[in-house]
Structure formats: structure tokens, C-alpha cells
Amino acid sequence: QAILAQAKLKNLYRVDSSRSSHYFVLTAIRAMSQPGGKPSARQEALAGGKIHVIKVGTSTLLTNDEVGGQKVSLSNISRLVELIASLRKSGDHVVLVSSGAVGMGCLKLGLSQRPTGPGVKQALAAAGQSRLMRLYEDLFSVVGVNVAQLLISRDDFSDKARFLAVRNTFWALLRLGVVPIVNENDSLSAEHVANFGDNDTMAAMTAVLLQADWVFLATDVDFLYTANPKEDPNATPIYAVEDLSQLKLVGLEASSSQWGTGGMATKIIAARIAVCAGVHCGLVNGEVPERIGQMIRGKKEGGTHFVALQGCASAVQDDHNRWIITLPPSGSLTLDRDGYNAVLTHHRIRTGMLLKCSGEFSHDEAVALFFDGKEIARALVRMSSAAITEEMTRSMVGLRDFTRELQSAGIYLDGYSSWRKGGHKGASGEMNAEVLRQLEQDGGVTKSDTPESSGHQSSVITDGSDIALMCTATIKEADRKASSDKWGSSGSYPLWKRGETPTGL
């Protein structure tokens, strides 16, 4: 009670009837564990107000003209500008992520089709970005709102120092009352360099970067539907999604616009990134931007609401974890049950906990962690894919041959027999008889029946602090496990020494 009273005085948490007292105690202890109970960097940068990231695509900015071509949709853009001005007057902060540079470049140069070829996209983006910003500058000046242009790239998220530097720039602009208008730096991006793929993903990553309250993705439909409403008349709208892993949809299409690069599938991916970092995501019709305000006020008719994950496990995601969520995975690791339990409890993952290593990656790169066929987390790895595969190969060479036992039970596994003879590609890569003999001669055989080959004796792939959860079910299970581990079955509070920061908070 004393902790909660102090936290309430310091305004370190909001009352929420759906939360347990344990959640408030954890949140209060974590907030006051800093010297003097200082507010977070976000609270220091922005004195009150929520942060909303709004993404508009080419289908919102452009519309068909009378002769079958394309023209700027002044109606849609003007209503969007009025909405943003209204949010600013209410004390909230807004970041606008806008596509359309390439489409505007085509209009500026009088092109009826989007051309292809080396450097063409970059050239069109360079020509169209200035036209797009001039349009925004003129319209926002009418409602008395200042704007600024920010062109960012995937590299700005791949490096942690740049990640934090970009965040500080955003916060400085918001503190000055400016609305940042963000787009990918297409004019300087090389085709072979990794990019965001679409601005839906960039919007979600920007929301994670800023610890935003909402990210809104504008599209050309009113809701997310159970099927494509343009093809299936029986498709029904989905008002709220609380668990993306349970979402079953049919006909997720790519962009239907010749000018755009996104689609409904990319919006689902973007929503997943946002909600796993505690950011609410709204899918709204770009032709009715007023619905964004409706969703902020809690009206379900505004669009589809992807509910942000909240709780002990998601609350511990700090700047480091949020950065990991925004990193593109260079490969993937499939975990066994021990590995999954390690993820739940934020412990180290070792090579003995792996079933499969896919892709090529170096140490300090991000990988996706899979269990039971689903991506459950992202992690920074200490080992390269080559080193992991080599250690997995060595540990599997000494496996006892169960062929006779299987055959006596009436089970015939041709793949298993072939693998034992060295002629089959197993989970660890190509292992032929010559490689096996060489490893045995080098003393590299590790018997799987001995304790030395168990998970706790193998090499560390990643630390628990370098794991960011990415699955609704996993986060909820981690919440339950953390709650039972912290408080015990009796529900009594643990004791910490004076001056000691509670671990795991």
C-alpha cells in the first residue's frame, strides 16, 4: 500500500480496473527504482499528451481522375490535416508517415504508368518528395500547424546509436509543437540494400521507437474482414483483435494500386510489431480520417482495433528490447521445449536447445525464434549461423542408432536410415559419411546420452536480456509464469534488501 501510495503521488501509473494489484506494485517499483523516482525519458521529453503515429498510403493521397488517370485527392488530404490540427489542439502529439513520393513524381513528370528500371524509383521519389512536402506545407499552414520533413532508412533502425539519435530528433520536434512528416529515403536507397518494404512497417517501427500510444494505418476499406469483401459478399468486419496468432483470414492481397507497395498482409505484419511493443494499432479507411478520432475516443465503429499487449512481461521491454523488435531478422532458430521455457523466463538460450538453424547470419545480428511452428520472439545472437550449425552437427554425430528398435516396432523411416549412413540432409545441414568420420577422428563426437551434451553444457547463443517477445500467447504465458515465480502460490510479496533493485523488473 505504501508503494502504491508513493507511486500515485508521483503519477507513475494510471488507474485501471482490469489490472491486478501485483501489476501496479511491479510498475511502481520499476518506476521508482530510478534515483529519486525520475520520470522516463519519454515523460521528460514530452510534458503530457499522447503520441499518435498516422500512416497514409498512396491510395489515400491519389484518386482516379475523369479520364482514367490519377490525381491528388485534395479532399482526403485536407480532412486529414484538419484531424491532425484538432489532435494537436487537444494536447496530443502526432507523427505523420506518408507514402506517395513516387506517385507524386509520376504526376509531376506526366507519366501514366509507374516505370521500372535501375534508378527509376529513386529518381521518381526525388522528383515527387518535394511536391508532396509543398502540398503538406501549404495545407498545414492554413490550420496553423508547423511541419518538418524526416527521411529515414532501415539503417537508422539497424544501429542502436542511430536508433536513439532518431528518437531524440522526433521528441525534440514534438516538444517544439512540430508535426514530423516521415517517409523512407527512397531517393538514396540502393536496390540491394534492405529497406522497410512498405511504409506500414516503417510506421509501426516509428511507433515502437517513440513509445507511442497509437499507430493508425489508413487503407481503402472500413475494417479488417474475415475475407476480401471485394470478392466475398459473406465477409464480415472484425472490430477488435486481441490475439493476432488466432487470426484466421482468407485472401490477404498485396496492394491493388499500381502506385503503392503495401496491402492488407503488410498491415497485419505492422500491427504485430506494434502490439508486441505495447502500442495500440488501428486500421481505418483513409477516405474518412475522422474515424481516427473516433477510435481514440473508444468507438469500435471507427475501424479495426489491434489491442496492445500489456502486462508484466511486455512492461519490461525497454529501449533495448524495443530496438530488437524493429530489427529485420537475418535468420531463424527453432527451439525445443527447454528453449521455449528459457524464452518465457528470460534466461539464456544455448545450442543444446535448438532443433534447427536457418539462414545465414553473423554474431550481433537479429534472428527470429520459433517454437511449435510460430515465431515467438526476436533475439540478438552471440554466435554466427556457421558456428551454431557446426556445434549442432558435432552434438548429433554421436547419436545412438535406433534403426533396429524402430523396425522391430514396425516403423520404417527411410530418411532416418539414410541420415545415419551420411546421405541425407538433416536438420543441421548436409552431413555425409566423410564428414562424420573426420569428426570422429578429430575427437569431435559428443554422446547425446551424457550430461555434457545437454542444453546447459552447450554454448550460449543469446542472453535473456537480448530477447524481445513477439507472440501474444507467449507474452501472456510469460506473464503468468512471472507472476507465479515472483509471488509464489501463496501470493505473498518477496523481500528485497534495502537499496537493491528487484531483479527482472
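This is a predicted model: local features need pLDDT of at least 70, side-chain atom pairs count only at pLDDT 80 or more; totals for chains, interfaces and linings use all residues.
Let me start at one pairing: L283 has T304 as its bridge partner in strand 12, where strands are DSSP runs of E with at least two residues, numbered from the N terminus. Residues are numbered from 1 along each chain as its sequence is written, and side-chain values use heavy atoms, with hydrogens and water left out.

Strand 11 and strand 12, the latter covering residues 304-306, pair in the antiparallel sense over three bridges; two strands count as paired if DSSP finds at least two bridges between them. Strand 11, residues 280-285, also runs parallel to strand 7, residues 214-219, and six bridges join them. Five of the six residues of strand 11 are buried, meaning under 20% relative accessible area with a 1.4 Å probe, protein chains only.

Stepping back, these strands belong to an open, mixed sheet of eight, in the order 5-6-4-1-7-11-12-10, whose edges are strand 5 (147-152) and strand 10 (240-241), each pairing on one side only.

Turning to packing, the largest nonpolar core has 86 residues, and F306, L333 and L369 have the most contacts inside it; such a core is a set of buried Ala, Val, Leu, Ile, Met, Phe, Trp, Tyr and Cys residues joined through side-chain atoms within 4.5 Å. A second, separate core of 30 residues includes I54, V81, L132 and V145.

Terms used
Helices (H or I, at least four residues) and strands (E, at least two) are DSSP runs, numbered from the N terminus. Buried means under 20% relative accessible area, exposed over 50%, partly exposed in between (1.4 Å probe, protein chains only).
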